[in-house]
Amino acid sequence: SQSRYSQQNAAVLTLTTTSQVITGYTSKKEEQLSINTTTGETTVKFAGTYRIDVTVDGVANVQNREVTLEVIKNGLVAYQHGFATNVGSLNRGSTSFCFTMDCAANDVIKLGIYADGAVAYSTNVLQVAIASQSLAV
């Protein structure tokens, strides 16, 4: 069942080579998770396997930047996914990815983002969905 669906309002993210946590989500649904939209932290209420789906689309002010999204669990990077800002004359950069991750009760998940150099990345879409695949009982 779907546990979380969140979307960040369109925003300009000033990216550097240092990862920053994405905040400002609008929470659409919470069941097996607790979401802090201000800090970007999601706390897993129950142990189990969760599917993480991320979609991002935007335009950069610099061409050919490598942007990396990170899924961070309990302060450690659990998964990274990179994409380039070089599609067409608008420097568009978009990607989507999903993976599964085992979590214990009270694990904290955050989404981080950084680039291989300074860039202003204007998001059109930034969505995160976390769905339980199996819950330990």
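Biologist: Leaving aside its neighbours within four places in sequence, which residues is aspartate 53 in contact with?
Modeller: This is a predicted model, and in it aspartate 53 sits in strand β7. Setting aside neighbours within four places in sequence, the residues in contact with aspartate 53 are Phe97, Cys98, Gln127, Val128 and Ala129.

Biologist: What distance separates the C-alpha atoms of aspartate 53 and isoleucine 130?
Modeller: Along the chain, aspartate 53 and isoleucine 130 are 77 residues apart.

Biologist: Is aspartate 53 buried or partly exposed?
Modeller: Buried requires a relative accessible area under 20%. Aspartate 53 has 24% relative accessibility, so the residue counts as partly exposed.

Biologist: Which side chain does a polar contact of 2.9 Å join to that of aspartate 53?
Modeller: The contact is between two side chains, at 2.9 Å. The partner of aspartate 53 is arginine 51.

Biologist: Is aspartate 57 buried or exposed?
Modeller: Aspartate 57 lies in strand β7, which covers residues 48-60. Leaving aside neighbours within four places in sequence, aspartate 57 has contacts that include Arg92, Tyr121 and Asn124. The relative accessible area of aspartate 57 is 16%, and the cut-off is 20%, so aspartate 57 is buried.

Biologist: Which side chain of opposite charge is nearest to glutamate 70?
Modeller: Glutamate 70 is in strand β8, residues 66-73. Glutamate 70 is buried and has no salt bridge. A salt bridge would need a side-chain nitrogen of Lys or Arg within 4 Å of the carboxyl oxygen. The nearest side chain of opposite charge is 9.6 Å away, and that residue is lysine 110.

Biologist: Which residues form one aromatic cluster?
Modeller: A search of the whole structure gives 3 aromatic pairs. Tyr79 is among the residues in contact with glutamate 70, and Phe97 is among those in contact with aspartate 53. The cluster is made up of Tyr79, Phe97 and Phe99.

Biologist: How many disulfides are there?
Modeller: Cysteine 98 is partly exposed, with a relative accessible area of 37%. Cysteine 103 is buried, at 7%. A disulfide needs two cysteine sulfur atoms within 2.5 Å, and by this rule the count is 0.

Biologist: What is the phi of asparagine 64?
Modeller: Asparagine 64 is in the loop between β7 and β8. Although asparagine 64 is not a glycine, its phi is positive, at about 60°.

Biologist: What is the phi of asparagine 74?
Modeller: Asparagine 74 lies in the loop between β8 and β9. With a relative accessible area of 42%, asparagine 74 is partly exposed. Asparagine 74 is not a glycine, yet its phi is positive, at about 55°.

Biologist: How many helices and strands does the protein have?
Modeller: Read along the sequence, the pattern is β-β-β-β-β-β-β-β-β-β-β-β. The protein therefore has 0 helices and 12 strands, where strands are DSSP runs of at least two residues.

Biologist: Among contacts between residues at least 6 apart in sequence, what percentage join residues at least 24 apart?
Modeller: Of the 137 residues of the protein, 40% count as buried. For the contacts in question, the share joining residues at least 24 apart is 72%.

How values were computed
Residues numbered from 1 in each chain as written. Predicted model: local features only at pLDDT ≥ 70, side-chain atom pairs only at ≥ 80, totals over all residues. Heavy atoms only, no water. Helix = DSSP H or I, 4+ residues; strand = E, 2+ residues; numbered from the N terminus. Buried < 20%, exposed > 50% of the residue type's maximum accessible area, 1.4 Å probe, protein only. Lys, Arg positive; Asp, Glu negative; His and termini not counted. Contact = heavy atoms within 4.5 Å. Phe/Tyr/Trp six-rings, centres within 6.5 Å; stacked < 30°, edge-to-face > 60°. Polar contact = N/O pair within 3.5 Å; in protein donor to acceptor, adjacent residues only side chain to side chain.
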